[in-house]
Amino acid sequence: MLIRSVHHAIERKAHERELVQYQTLIETVSDGVYVVDEESRFVLVNEALESITGYSRDTLLGASATRLLTQPNNETGDEASKSKLAAENQPGKIETELRTADGSSIPVETNVTPLPLGDDRYGQVGVIRNITERKEREHKLERQRNQLAMLNSLNELVHEISHLILESTTRKEIEQLVCEHLANSDAYEFAWIGDVTSDNETVTMRAEAGVNGYLDATTVRVGDDVEGHGPTGKAIRTGEVQVSQNIHRNPTDEPWAERACEHGIGAFAAIPIEYENTLYGVLNISAAKPNTFNQNERTVIARLGEVIGHAINAIERKQALISEEVVELRFQVRNVLGAETPHAGTITFDRTIPLGENKFLQYGTVTHEAMETLAAFVSEFPHYRDVTLDDPEADVSRFEVQLSGPPAISSVAAIGGRIESVAIEKGDINIVAQIPPGANVRRVVDAVKAEYPRAEILANRRTTRTTERAQRLDQIIHERLTDKQRAALETAYFAGFFEWPRNKSGEDVATSMGVAASTFHEHIRTSQRKLLRAVFDTDHSHD
């Protein structure tokens with residue numbers, strides 16, 4: 001009897017040690033551990049489950065497991081809790097959401113196993129792991145995959161549009177093609193291109209696809225008023241892509257936003273169509289899904305605006321080259337430098353050459369009496385700098401000026417025109433420009449007046465351009481020479497590289513252009529070969 005009692009005591013002690021070991025193990029693990037009885041009431045929870053749920057052990061013990069289930073899972077009551085927490089007495093792994101003490105919900109992964117209680121009764125044992133961080137990583141990766149797929153699709157769309165643009169022959173064809181391809185894509189609802197009216201106040205639609213009445217009874221303005229507060233007006237004023245990412249979440253009292261909401265638009269982007277500082281219009285794109293235009297997408301669609309602007313510029317230049325008639329504009333700015341500046345002598349500005357990256361070279365001649373006037377002129381306008389004279393003692397000297405921004409007259413070339421002459425005589429600037437018929441005269445006038453507010457228009461008339469041979473050479477220069485070849489040739493000519501004796505060496509000209517001497521000589525030889533071939537070769541199919 002004594003031996004049996006000792007044996008039972010030993011077994012009891014061993015059992016108690018096992019319970020302590022199990023208790024220590026359960027309390028040590030970082031995952032939540034629980035046991036529920038056949039009524040789905042908690043009979044055991046560890047400290048980790050308290051931490052995960054925010055409920056104390058005393059609160060959970062004896063409470064129904066439905067306390068931890070979010071409302072959608074709790075609608076079917078106790079049976080739902082059993083299926084969620086124990087998978088109907090079948091071992092397995094499930095993902096669900098638990099409601100915490102503060103009312104929030106967290107995603108969890110639960111491993112459940114049935115626990116026999118005797119008499120065909122079963123409880124459940126479960127291990128709960130908080131998978132919030134894992135879900136956030138998965139969602140982030142999913143967003144990245146979706147964004148990458150969208151960006152790849154957009155790049156393909158822009159590439160396709162760019163290729164088709166190159167095959168277009170008119171500005172109208174380019175604009176309509178762009179709108180139709182964007183509207184027909186899966187990413188966007190509709191697209192339209194607007195242009196600024198001659199009074200520079202309102203935006204008119206030039207092309208559209210999928211708009212379906214969006215612009216009916218809607219006025220879009222350029223100014224900083226109610227009708228100009230939308231992305232379109234801001235894009236025109238700033239020259240930068242403007243985006244409204246979530247029109248529904250951030251409604252405004254502005255008319256454009258109300259119209260956008262009525263048409264189911266979630267996000268909207270306006271992209272300036274520009275080339276060489278000339279604004280040709282603004283491309284407007286809408287999407288049904290909010291937050292469509294992230295930074296990567298803005299970069300891609302901004303490039304589309306540049307491609308359209310370049311193509312329109314090329315078409316206008318080509319049309320100008322083959323046109324026999326031109327519109328001649330004559331401007332005069334009286335006493336441009338004020339009465340205190342010497343007015344003797346003459347200054348001519350013969351050519352302004354773009355070098356890229358908003359850098360320009362300007363060449364001209366100055367008489368000895370006008371050198372003080374030239375120095376004063378350069379000091380007056382901040383983007384003029386670094387004047388170099390070939391021979392300061394000569395009666396007439398060539399000069400070179402570096403510019404950190406485009407002069408007003410550069411807007412003439414941007415629309416296919418050309419500057420015939422620019423000269424300062426007796427303190428007055430006289431400018432003669434020729435632009436193709438139908439070109440935006442107001443754009444040139446505004447550009448000149450922006451730099452010279454007191455500029456007056458002395459003439460605005462149609463005339464016949466130069467001879468056919470001169471037209472042909474001009475066409476060859478613009479069609480067969482690249483921008484870099486043309487810049488090298490013009491810089492070399494106006495810098496005096498072709499004079500004898502030479503005023504500037506190839507190395508000097510290369511330095512002015514900011515390129516290597518070998519690059520300059522390569523461009524010069526290629527340009528000369530193309531021009532001489534056009535003159536002497538009867539087969540004009542060569543480059």
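Contact here means heavy atoms within 4.5 Å. In this predicted model, helix α16 (residues 506-513) lies across β12 (346-356), β13 and β15, and runs at about 125 degrees to β13.

These strands belong to an open sheet of 8 strands, ordered β14-β15-β13-β12-β16-β17-β11-β18, with antiparallel pairing. The edges are formed by β14 (384-389) and β18 (456-464), each of which pairs on one side only. From one strand to the next, the twist averages 20 degrees. Within the sheet, β13 (residues 359-367) and β15 (residues 396-403) are joined in the antiparallel sense over 8 bridges; threonine 367 has valine 396 in β15 as its bridge partner. Helix α13 (residues 441-451) lies across β11 (325-333), β14, β17 (428-435) and β18, at about 20 degrees to β11.

The structure holds 20 salt bridges. One of them joins the side chains of lysine 504 and glutamate 400, at 3.5 Å from N to O. Because lysine 504 is in the loop between α15 (483-495) and α16 while glutamate 400 is in strand β15, the pair ties together parts 104 residues apart in sequence. Lysine 504 counts as buried at 11% relative accessibility, and glutamate 400 counts as buried at 4%.

A salt bridge also links glutamate 38 and arginine 121 (3.2 Å, N to O). Glutamate 38 lies in the loop between β1 (32-36) and β2 (42-45) and arginine 121 in strand β5 (residues 121-130), so this pair ties together parts that are 83 residues apart in sequence. Glutamate 38 is partly exposed, at 25% relative accessible area, and arginine 121 is partly exposed, at 33%. Glu95, Glu109, Arg134, Lys135 and Glu138 are linked in a salt-bridge network.

Terms used. Residues are numbered from 1 along each chain as its sequence is written. This is a predicted model: local features need pLDDT of at least 70, side-chain atom pairs count only at pLDDT 80 or more; totals for chains, interfaces and linings use all residues. Side-chain values use heavy atoms; hydrogens and water are left out. Two strands pair if DSSP finds at least two bridges between them. Helices (H or I, at least four residues) and strands (E, at least two) are DSSP runs, numbered from the N terminus. Axes are lines fitted to C-alpha atoms, for helices over the stretch in contact, and angles run from 0 to 180 degrees between N-to-C directions. A salt bridge is a side-chain nitrogen of Lys or Arg within 4 Å of a carboxyl oxygen of Asp or Glu. Buried means under 20% relative accessible area, exposed over 50%, partly exposed in between (1.4 Å probe, protein chains only).
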